[in-house]
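User: Hi! Could you walk me through this structure?
Analyst: Happy to, let's have a look together.

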Amino acid sequence: MSDPREIWARLAGLTPARIGLGRAGSGLPTREVLRFGLDHAQARDAVHAPMDAEALAGSIAALGFATIPVASQAPDRATYLRRPDLGRRLDPADMSKLQAAAEPSDLALVVADGLSARAVHENAAPLLKAFKPLAEQSGWRLTPVVIASQARVALGDAIGEALNARAVAVLIGERPGLSSPDSLGIYLTFGPQIGRSDAERNCISNVRAAGLTHEKAAFKLHWLLARALTLGLSGVTLKDESDRALESGAAAPALPEPERR
């Protein structure tokens, strides 16, 4: 009969879930208590740590993207966490700034701190690096990358509308779990405008070193955007079959020529 400890060790290697922790008397072993404390502290730090917008802009500019900094109407982190509604509203001065820079485009790219600045710092630039050649191959017109502070997902609707973009992709730090303080989410919305609902978005989640790779996430975003621009929709009405395409090695569906203009 196999040693139960070996069985649990093999199972624990297949998942980040807390299984097979062992015990010390009626409690957990000290190492597991300390590991839980560390993971909890990292999750709290991810939520409260500020985004370094200037450093982020530098790393994105190095990829060949222009950048525009904006902020929501939440004046600080504490208010942002208490008032999600303010994180969905664009600062009026920044709204005017974006409208002045607006040109017809296929996609507005937004990088937002969300609930984990760490996720944005570690994953936004690598994701954009992987996505850029795919977008260029498709001939899509991209806006400058908008770097949004104290931002919720819906802030992308106001940004995309102000920039006159056909679609918006918001790269945002996801709510940290105890095993994933560095997880980035991507939310794609066709026809961005203030008042869009979450049902009108497609989400690509868990983009990080221990989750969905930057290359696979870029492929999925490219695939979904191609379909969104072709069909004129996103969200629950746009079925995500990018995994099947990824497994088969198929390219994203081509955008018809009339839609490129």
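**Pockets and cores**

User: What classes of residue are in the lining of the largest pocket?
Analyst: The lining of the largest pocket divides into six nonpolar, two polar and six charged residues. Ala, Val, Leu, Ile, Met, Phe, Trp, Tyr, Cys and Pro count as nonpolar, Asp, Glu, Lys and Arg as charged, and the others, Gly among them, as polar. This is a predicted model, where local features need pLDDT of at least 70, side-chain atom pairs count only at pLDDT 80 or more, and totals for chains, interfaces and linings use all residues. Residues are numbered from 1 along each chain as its sequence is written, and side-chain values use heavy atoms, leaving out hydrogens and water.

User: Which residues lie nearest the centre of the largest pocket?
Analyst: Arg152, Val153, Ile172, Tyr187 and Asp198, out of 14 lining residues. A pocket here is an open set of points on a 1 Å grid over the protein atoms alone where a 1.4 Å probe fits, with protein on both sides within 12 Å along at least five of seven lines; lining residues have an atom within 4 Å of a point.

User: New topic: which residues is Leu188 in contact with?
Analyst: Leaving aside neighbours within four places in sequence, its contacts (heavy atoms within 4.5 Å) include Leu107, Ala167, Leu221 and Ser234.

User: And which residues have the most contacts inside the largest nonpolar core?
Analyst: Val111, Phe131, Ile186 and Leu188, in a core of 41 residues. Such a core is a set of buried (under 20% relative accessible area, 1.4 Å probe, protein chains only) Ala, Val, Leu, Ile, Met, Phe, Trp, Tyr and Cys residues joined through side-chain atoms within 4.5 Å.

User: What about a second core?
Analyst: A separate one has 21 residues, including Met95 and Val170.

Methods: Buried < 20%, exposed > 50% of the residue type's maximum accessible area, 1.4 Å probe, protein only.
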